[in-house]
Amino acid sequence: MHAAVVGAAHNPVLADLFVEFTPALRKGLIDMLDILGLRTHEPNHADEAHEALVRAIERGDADTASSILQAELEQTLARLHRL
């Protein structure tokens with residue numbers, strides 16, 4: 001899903017960077033899920049937000065996509081601060 005989002009940006013520099021960054025991103029996301037226990041308490045954590053993001057991208061609605069991402073990042077940061 002993350003690769004599709006990057007691809008939708010049609011930015012070759014971002015796409016190349018993402019290829020190099022993917023292994024670290026994958027490990028970081030898995031570690032974060034473990035640290036926060038998100039999948040333990042919410043097996044489908046963030047599924048709705050991911051679906052909404054994909055729909056916004058499909059519509060070409062950059063403002064909505066940006067808002068969804070911002071909200072998800074803020075929620076994640078708040079959870080990390082509570083640790």
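Biologist: At what angle do the axes of α4 and α5 cross?

Modeller: Bear in mind this is a predicted model. The axes of α4 (residues 47-59) and α5 (residues 62-82) cross at roughly 160° and come within 8 Å. Anything over 145 degrees counts as roughly antiparallel, so that is how α4 and α5 run relative to each other.

Biologist: And is the crossing left-handed or right-handed?

Modeller: Left-handed, as α4 passes α5.

Biologist: Which residues make the contact?

Modeller: From α4 you have Ala-49, Ala-52, Leu-53, Ala-56, Ile-57 and Arg-59. On the α5 side, they are Thr-64, Ala-65, Ile-68, Leu-69 and Glu-72.

Biologist: OK, switching topic. How many salt bridges does the structure hold?

Modeller: Two. Arg-59, which is also part of the α4 contact with α5, forms one with Asp-61, and their closest N and O atoms are 3.6 Å apart.

Biologist: Are those two buried or exposed?

Modeller: Arg-59 counts as exposed, at 52% relative accessibility. Asp-61 is partly exposed, at 25%.

Biologist: What about the other bridge, which residues form that?

Modeller: Lys-27 and Asp-31, with 2.7 Å between the closest N and O atoms. Both sit in α2 (residues 12-36), and because they are four residues apart there, about one helical turn separates them.

Biologist: How accessible is Asp-31?

Modeller: Its relative accessibility is 32%, so Asp-31 counts as partly exposed.

Notes. Residues numbered from 1 in each chain as written. Predicted model: local features only at pLDDT ≥ 70, side-chain atom pairs only at ≥ 80, totals over all residues. Heavy atoms only, no water. Axes fitted to C-alpha atoms, helices over the stretch in contact; angles between N-to-C directions. Helix = DSSP H or I, 4+ residues; strand = E, 2+ residues; numbered from the N terminus. Parallel < 35°, antiparallel > 145°, perpendicular 65-115°, else oblique. Left-handed = near helix turned anticlockwise from the far one by under 90°. Contact = heavy atoms within 4.5 Å. Salt bridge = Lys/Arg side-chain N within 4 Å of Asp/Glu carboxyl O. Buried < 20%, exposed > 50% of the residue type's maximum accessible area, 1.4 Å probe, protein only.
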